[in-house]
Each structure stands twice: as structure tokens, then as C-alpha cells.
Amino acid sequence: MQNLKYPIGRYQAKQSVSPRDVAPWIDEIQVLPDQLREAVENLTDEQLNTCYREEGWTLRQVVHHLADSHMNGYMRMKLALTEQNPTIKPYRQEVWAELPDSQRDISVSLDLLESLHERWTYLLKSLDQKQLERTYRHPKSGEIVLKSAIGLYAWHGKHHLAHITTLIKQKNWN
Ligand code: NI
């Protein structure tokens with residue numbers, strides 16, 4: 001079960017993040033929408049409604065979840081850039097994934113992610129070293145430095161993309 005749930009492994013926060021770590025993470029965030037679109041473009045509705053693992057989300061929900069999560073991620077980073085160590089608002093991702101908009105055609109979220117990541121990575125590439133040290137506070141996980149959050153979201157995109165590509169491979173859908 002473990003490798004289906006964490007196909008690229010759990011997120012491992014780096015102890016110290018150097019400026020050299022950040023640029024590749026931003027690149028990974030930038031290419032995610034294209035990679036995601038390429039992975040799902042030939043899937044049928046039935047395939048999209050298949051769970052990537054037992055008790056897991058459908059591929060459709062995974063795509064919509066990426067939009068939910070990354071909208072929150074973008075907001076969190078903008079809050080960190082414009083306020084002093086703001087406390088961000090967690091959201092109940094499992095329940096969001098059950099709302100009706102998570103059952104819709106995935107093209108809506110693929111387009112959303114494309115625009116969102118375009119703005120997001122434009123902003124991230126503009127940041128100087130001082131801005132990368134800004135922080136937000138998650139009520140449960142505590143203080144998060146912006147440069148580490150970039151690594152977290154880079155991992156997050158690859159993590160869910162791997163759910164999709166692993167299932168496609170396993171089912172021989174390509
Ligand atoms: Ni997620």
C-alpha cells in the first residue's frame with residue numbers, strides 16, 4: 001500500500017535550503033500543468049473515475065485537488081510576502097474533494113492550473129533572497145519559510161502526478 005500512497009516517497013523537508021535548491025523547484029512547479037495535461041489527455045471518463053488506490057481519490061478528484069491545493073499554496077505565499085508571519089487557514093481537503101466541483105470535467109482544473117502556475121512561478125522567480133526567507137504560520141505545523149514551501153509544493157505536484165502515471169502504467173492504459 002505504501003508505495004501506491006507515496007509513489008515518490010513522503011515529503012522530506014530539507015534541513016537547510018540553499019538558493020540553488022529553489023530554482024529547480026520553481027521549474028518543477030512551472031512544468032506541472034503541462035505534465036499533468038499530457039498524462040491525462042487520452043483518458044476516458046471511466047478511467048478518470050477510477051481510484052488510484054483502494055480508498056483513494058479518483059484520478060478526476062486528484063486533478064481537482066491539485067487545483068484546490070495549489071490555489072491555497074499560492075495564497076499562502078502571497079500572504080507571507082505581504083504580511084508579518086501570517087497565520088494561514090488550513091482547509092479540509094478530503095471534504096473539498098467531495099464537493100460537486102470536484103466531479104466536473106477535468107479540463108476546468110487543467111486550465112485553472114495552467115493560469116495559476118503561470119502567475120505563481122512568475123512571482124516566485126521574481127523573489128530575492130530576503131523575500132525567500134519570509135514566513136507563514138500553519139496552525140498545526142508551525143512556522144514555514146517561503147523557500148521551503150516552494151519545495152513542498154514542487155513535491156506535492158510530483159506526488160499526485162505519480163499517482164496518475166503509476167495507475168496508467170499499472171493498468172496499461174497508454
Ligand atoms: Ni495533496
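Predicted model: local features only at pLDDT ≥ 70, side-chain atom pairs only at ≥ 80, totals over all residues.

Helices here are DSSP runs of at least four residues, and they are numbered from the N terminus.

**Stop 1: the metal**

Select the nickel ion. Which residues hold it, as its protein donors? They are His65, His156 and His160, each through its NE2 atom, and they lie 2.1 Å from the ion. Along the chain, the donors follow the spacing H-x90-H-x3-H.

Now colour helix α8, residues 146-171. His156 and His160 are four residues apart in this helix, so about one helical turn separates them. Are these two buried or exposed? His156 is buried, because its relative accessibility is 11% and buried means under 20%. His160 is buried as well, at 5% relative accessibility.

**Stop 2: another histidine**

Next, pick His117, which sits in helix α6, residues 106-126. With 2% relative accessibility, His117 counts as buried. Show what surrounds it: leaving aside neighbours within four places in sequence, His117 is in contact with Ile29, Leu32, Pro33 and His70.

**Stop 3: the largest pocket**

Turn on a surface and look for the open space. The largest pocket holds about 840 Å³. To find its centre, select Ser69, Gln93, Leu152, Trp155 and His156, the closest to that point among the 32 lining residues.

Helix α8 gives the most, with nine residues. If you colour the lining by class, you get 13 nonpolar, twelve polar and seven charged residues.

**Stop 4: the second largest pocket**

Now move to the second largest pocket, with a volume of about 160 Å³. Select its lining: Glu38, Ala39, Glu41, Asn42, Leu43, Gln47, Thr165, Ile168, Trp173 and Asn174. Two or more of these residues come from α2 (19-40), and two or more from α8. By class, this lining has four nonpolar, four polar and two charged residues.

**Stop 5: the nonpolar cores**

Hide the surface and switch to side chains. The largest nonpolar core has 22 residues.

Zoom in on Met77. What does Met77 touch, not counting residues up to four places away in sequence? The list is Trp120, Leu124, Leu146, Ala149, Ile150 and Tyr153. Apart from this core lies another one, of 21 residues, among them Leu36, Val40, Leu66 and Ile164.

**Stop 6: Leu123**

Go back to helix α6 and select Leu123. Leu123 is partly exposed, because its relative accessible area is 21% and the buried class is under 20%. Leaving aside neighbours within four places in sequence, Leu123 is in contact with Tyr74, Lys78 and Leu81.

Try the distance tool here. From C-alpha to C-alpha, Leu123 and Tyr6 are 29 Å apart in space, and they are 117 residues apart in sequence.

**Stop 7**

For the last stop, look at backbone angles. Select Glu55, in the loop between α3 (45-48) and α4. Its phi is near 70 degrees, a positive value in a residue other than glycine. Is Glu55 buried or exposed? Glu55 counts as exposed, with 78% relative accessibility.

Then jump to Asn85, in the loop between α4 and α5. Asn85 is not a glycine, yet it has a positive phi of about 40 degrees. Its relative accessible area is 25%, so Asn85 is partly exposed.

Key
Residues numbered from 1 in each chain as written. Heavy atoms only, no water. Donors = N, O, S within 2.8 Å, 3.2 Å for Na, K, Ca; no water. Buried < 20%, exposed > 50% of the residue type's maximum accessible area, 1.4 Å probe, protein only. Contact = heavy atoms within 4.5 Å. 1 Å grid on protein atoms, 1.4 Å probe; cavity = no way out; pocket = protein on both sides within 12 Å on 5 of 7 lines; lining within 4 Å. Points joined across faces, edges and corners; volume = space filled by probe spheres on them. Nonpolar A, V, L, I, M, F, W, Y, C, P; charged D, E, K, R; others polar. Core = buried A, V, L, I, M, F, W, Y, C linked by side-chain atoms within 4.5 Å.
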